[in-house]
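Take a moment to look over the sequence and the model, and keep both in view as you read. We will walk through the fold together, one part at a time.

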Amino acid sequence: MKISKRLQTIDSLVTKNYQHIWDCCCDHGQLGMTLLKRGAAEQLHFVDRVPSIMAQLSLTLKQQFPVQQQWRVHTLDVLDLPLDEVALGQSQLIIIAGVGGELSQRMVEHLLAKFPGHNLEFLLCPLRHQYKLRSALQKLPLLLHNEILIKESKWYYEIIHLLKSCEASTVGDNLIQARGSLMWDNATALQHNYLQQTINHYQRMLKNTKASIAERFELQQTLSAYLELQQSLNS
């Protein structure tokens, strides 16, 4: 099964085996089936709200993966994940991809608050509002484990792997930075082009005369952070 570069990259960041992986907003299940095929988890959970998609996915899974104890299909909202069905100490990776940063933020905040004692990790690939998302994540009990920037066709994607800060962490775990951190290391043309595109976006937003004073202040703060980063990378 051929999957997109974005999904391949998310798959590559799953570098250990989990007891449960939740592939949220899974659409046609390509990422989850890739993880399932290589045995990345004892049980792979496919999550989406669209009944017709999940019914078809169930048929595909029954054909390709006949051992049904290895997977489950959940037709529900990510906010309703039944994480309490899993023992507290079992490792769970929640992958949230293909939705905006504000919705990703809401999902992460909700799950951490609802299941504070569970061993959770998050792998996020937000479509937009990355700065706002990271700013909110800084206030949560999370550490940055890894992050990467990729480009597929004309679109850029930031992929962020987070651990709960109360869990055992490795030497490489870092505090979350609103503008990103690890993905700018050893910057190439990819990073420089993406950074310039991001700066151009916020400069255009600031020219919007309909923006409120509060919105303009937030935009200026964000722009300043990226301009400071650009100066640092160019020095």
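This is a predicted model: local features need pLDDT of at least 70, side-chain atom pairs count only at pLDDT 80 or more; totals for chains, interfaces and linings use all residues.

Residues are numbered from 1 along each chain as its sequence is written, and side-chain values use heavy atoms, with hydrogens and water left out.

In soluble globular proteins, nonpolar side chains tend to be buried together. A nonpolar core here is a set of buried Ala, Val, Leu, Ile, Met, Phe, Trp, Tyr and Cys residues joined through side-chain atoms within 4.5 Å. Buried means under 20% relative accessible area, exposed means over 50%, and partly exposed is in between, using a 1.4 Å probe and protein chains only. The largest nonpolar core has 29 residues, and the members that touch the most others are Ile 10, Ile 21 and Phe 46. At least two residues of this core come from each of α1 (5-12), β1 (18-24), α2 (30-37), β2 (41-48), α3 (51-64), β4 (91-97), β5 (119-125) and β7 (155-164). The biggest giver is α2, with four residues. These labels follow DSSP runs numbered from the N terminus, with helices being H or I runs of at least four residues and strands being E runs of at least two. Apart from this core lies another one, of 27 residues, including Leu 120, Phe 122, Leu 133 and Ile 160.

Which residues does Ile 21 touch? Contact means heavy atoms within 4.5 Å. Not counting residues up to four places away in sequence, Ile 21 touches Val 14, Leu 35, Ala 40, Ala 41, Gln 43, Leu 44, His 45, Leu 93 and Ile 95. Now turn to helix α1, where the buried residues are Arg 6, Leu 7, Thr 9, Ile 10 and Asp 11. They pack against α2, β4, β5, β6 (142-152) and β7.

With 0% relative accessibility, Ile 94 counts as buried. Leaving out residues up to four places away in sequence, Ile 94 touches Trp 22, Cys 24, Leu 81, Leu 83, Leu 111, Leu 120, Glu 121, Phe 122 and Leu 123.

Next come two pairs of helices. Their axes are lines fitted to C-alpha atoms over the stretch in contact, and angles run from 0 to 180 degrees between N-to-C directions. Angles under 35 degrees count as roughly parallel, over 145 as roughly antiparallel, 65 to 115 as roughly perpendicular and the rest as oblique. A crossing is left-handed if the near helix is turned anticlockwise from the far one by less than a right angle, and right-handed if clockwise.

How do α4 and α5 lie, parallel or antiparallel? The axes of α4 (residues 101-114) and α5 (residues 130-137) come within 8 Å and cross at roughly 20°. That makes α4 roughly parallel to α5, and their crossing is right-handed. On the α4 side, the contact is made by Gly 101, Glu 102, Ser 104, Gln 105, Val 108 and Glu 109, and on the α5 side by Lys 132, Leu 133, Ala 136 and Leu 137.

The second pair is α6 (residues 189-206) and α7 (residues 213-234), with axes that come within 9 Å and cross at roughly 155°. The two helices are therefore roughly antiparallel to each other, and their crossing is left-handed. Among the residues making the contact are Leu 195, Ile 199 and Tyr 202 of α6 and Leu 219, Leu 223 and Tyr 226 of α7.

Helix α7 also holds Arg 216, which is partly exposed, with a relative accessible area of 35%. Leaving aside neighbours within four places in sequence, Arg 216 is in contact with Leu 206, Asn 208 and Ala 211.

Finally, look at the backbone. Most residues other than glycine have a negative phi, and most peptide bonds are trans. Ser 153, in the loop between β6 and β7, has a positive phi of about 55° although it is not a glycine. At 67% relative accessibility, Ser 153 counts as exposed. Asn 186, in the loop between β7 and α6, also has a positive phi, near 50°. At 74% relative accessibility, Asn 186 counts as exposed.
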